[in-house]
Amino acid sequence: MRTYSDYLNTFFPGVKVQKISVDAGFSCPNRDGTIGVGGCAYCRNDSFTPAYCAEGGSVASQVRKGIAFFSRKYPSMKYLAYFQSYTNTHGRNLDELRKLYMEAIAQEGVVGLVIGTRPDTLPDPVLRLLGDIGTHTRVFLEIGAETSCDDTLRAVNRHHTWHDVEDAVRRASAHGLHCGLHLIAGLPGEDRDRILRSVDDACRLPIDTLKIHQLQILKGTPLCARWKCGEVAVNPFTLDDYLDLCVEIVRRVPSRVVIERFLAQSPPQLVEAPRWGLKNYQFANLLAQRMSELKTKTSPL
C-alpha cells in the first residue's frame, strides 16, 4: 500500500514535505447563512486547529510559525501551505483568493498549496484560478464529501448532495488539479456496508487521495447533544472493529488512489467518544500488524 509520503514523493522526489496549517479567516456557507446555519452536526473546528493558527496573524506569519516549529527537527524540509479551517474557496472574490494563496506560496520553503473546501463552493472561475496557480506550483484540493448517502448528508446538516461531489471532482480534475476526498466512517445510520459503498463510490471518481477517519463525537457539537439525549443513534466504533473495517477499505481501494490517513486525532478533552488514545502512527502500526496477521492466516502452507 502506497503511503501519502510516497504520493508526495512523486512530485517532490527525495524531499521530506510537511503540511503547514493556515487559518485565513474563511467562513463556511453552512454557518454564515449562505446555504444554512449551525454547521455540520459533528463539526468543531477548534478540534484540529494548531495553536499558531488560533493566535491569528497574517497567512505569511502563520506559515512562518509553522515552518519554525517543524524546521527545528528537519532543517531541509519543504512545506505545503494547508488552508484548512472552514471552507477555503468561499466568501472571497477571485482577487482576494489569489492574494491569500500567493501570499502563502511566496514564503521560503513552500512548494505547494492544499485547499480544504466543500464540493458546492468550487465554481468554475475558482477552479480556473487554482488551475492557473497550478501551472507554477502544486495545488491539491481536499474536498469534504463525508459520505455518498444523501440521506446521511441531510441528517448531519451538510446541505450538499453526492451529485455535488461528483460534479466538483470531475470539473476540478478537468482543470488539472490533484483531488482528494474526505470521508467519515460511522455517521448516524451508517453501517459497515454503507461506509464501504461510499468508499467504492469515491474511487469511481478521478481522485488521487482519500482521507478517511472514524466519527468522533465531540463535546459541544449538535451531534453530541442529540446523541446524549437519545435523539440520534450513533454507535462509536471499537478499535478492533475499526481496524477490521480499514483492512477491508485497503483491499478495495485501487492502487491509483492513496489513502492519506485513517484516524482523527482531536484533543482528548474535547472527545466524548470513542476514546482510543492513539496517535496516527500508532494506528498505522496496528493496521499494518492486523493486515500482516490476516495475510499469514490466509497464506497456503
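**Entry 1**

I started at Leu-210, which stands opposite Ile-259 in β8. This is a predicted model, where I kept local features at pLDDT of at least 70 and side-chain atom pairs only at pLDDT 80 or more, while totals for chains, interfaces and linings use all residues. Residues are numbered from 1 along each chain as its sequence is written, and side-chain values use heavy atoms, with hydrogens and water left out.

I then looked up how β6 and β8 pair: the sense is parallel, over three bridges. For pairing, DSSP has to find at least two bridges between the strands. Strands and helices here are DSSP runs numbered from the N terminus (E, at least two residues, for strands; H or I, at least four, for helices).

On the β5 side, residues 178-185 of β5 pair with residues 209-214 of β6, again in the parallel sense, over six bridges.

**Entry 1: is β6 buried or exposed?**

Which residues of β6 are buried on each face? I found Thr-209, Lys-211 and His-213 on one side and Leu-210, Ile-212 and Gln-214 on the other, all buried. Buried means under 20% relative accessible area, exposed over 50%, and partly exposed in between (1.4 Å probe, protein chains only). As a reminder to myself, side chains in a regular strand alternate between the two faces of the sheet.

**Entry 2: the whole sheet**

I traced an open sheet of seven strands with parallel pairing, in the order β1-β2-β3-β4-β5-β6-β8. β1 (17-22) and β8 (258-261) are at the edges with a single partner strand each, so one side of each has no neighbour in the sheet. From one strand to the next, the twist averages 25°.

**Entry 3: helices on the sheet**

Helix α3 (residues 59-71) packs on the sheet and touches β1, β2 (78-83) and β3 (110-117), with its direction at about 140° to that of β1. Contact means heavy atoms within 4.5 Å. Axes are lines fitted to C-alpha atoms, for helices over the stretch in contact, and angles run from 0 to 180 degrees between N-to-C directions. Helix α5 (residues 124-133) lies across β3 and β4 (138-146), at about 145° to β4.

I also checked Phe-70, which is in helix α3. Leaving aside neighbours within four places in sequence, Phe-70 contacts Gln-18, Lys-19, Ile-20, Met-77 and Tyr-79.
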